Amino acid sequence: MRIWMMLAAIGGFLGVAGGAFGAHGVSDPLAKEWLRTGALYAFVHVLATFASQVFVAAGARRARFAPAFFVPGVVFFTGSLYAMALGAPLWLGAITPIGGTLFLIGWATLAWSALQLQRA
């Protein structure tokens with residue numbers, strides 16, 4: 001889990017960098033939107049990665065699998081949007097839904113893991 005937490009922290013750093021660059025360093029409206037969207041999804045899924053550890057600590061051990069979907073999801077989703085915003089070929093947009101699918105699997109994994117939690 002330590003590696004996932006470190007990678008999530010790096011993802012948070014890159015989310016701030018991408019969001020700031022989109023706000024202050026890019027004039028193209030489409031590039032701005034890609035950077036904004038990438039940063040938003042990076043932050044949400046970085047926090048979801050950290051939340052997975054809370055689930056594990058609360059007894060939902062299956063939550064340890066969720067970061068294996070969230071972190072690569074950030075790489076594919078956010079990475080492809082950032083790359084296109086910086087001038088990479090638009091065909092990279094075909095990679096973006098792979099990241100979205102990984103996000104969905106991660107969330108489903110957290111929901112599945114919640115079944116292990118004791119009722120209060």
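Reader: Is M6 buried, partly exposed or exposed in this structure?

Author: This is a predicted model, in which local features need pLDDT of at least 70, side-chain atom pairs count only at pLDDT 80 or more, and totals for chains, interfaces and linings use all residues. Residues are numbered from 1 along each chain as its sequence is written, and side-chain values use heavy atoms, with hydrogens and water left out. Buried means under 20% relative accessible area and exposed over 50%, with partly exposed in between (1.4 Å probe, protein chains only). M6 has a relative accessibility of 45%, and therefore counts as partly exposed.

Reader: Which residues does H45 touch, not counting those up to four places away in sequence?

Author: H45 has its place in helix α2 (residues 29-57), where helices are DSSP runs of H or I with at least four residues, numbered from the N terminus. Its relative accessibility is 4%, so H45 counts as buried. With contact meaning heavy atoms within 4.5 Å, the residues that H45 touches are F70, V74, F103 and W107.

Reader: What is the angle between the planes of F70 and W107?

Author: Rings of Phe, Tyr and Trp (its six-membered ring) pair if their centres lie within 6.5 Å, and planes under 30 degrees apart count as stacked, over 60 as edge-to-face and the rest as tilted. The structure holds four aromatic pairs. Y41 and F77 form a tilted one, at 4.6 Å centre to centre and 35° between the planes. F70 and W107 form an edge-to-face pair, 5.2 Å centre to centre, and the angle between their planes is 65°.

Methods: Helix = DSSP H or I, 4+ residues; strand = E, 2+ residues; numbered from the N terminus.
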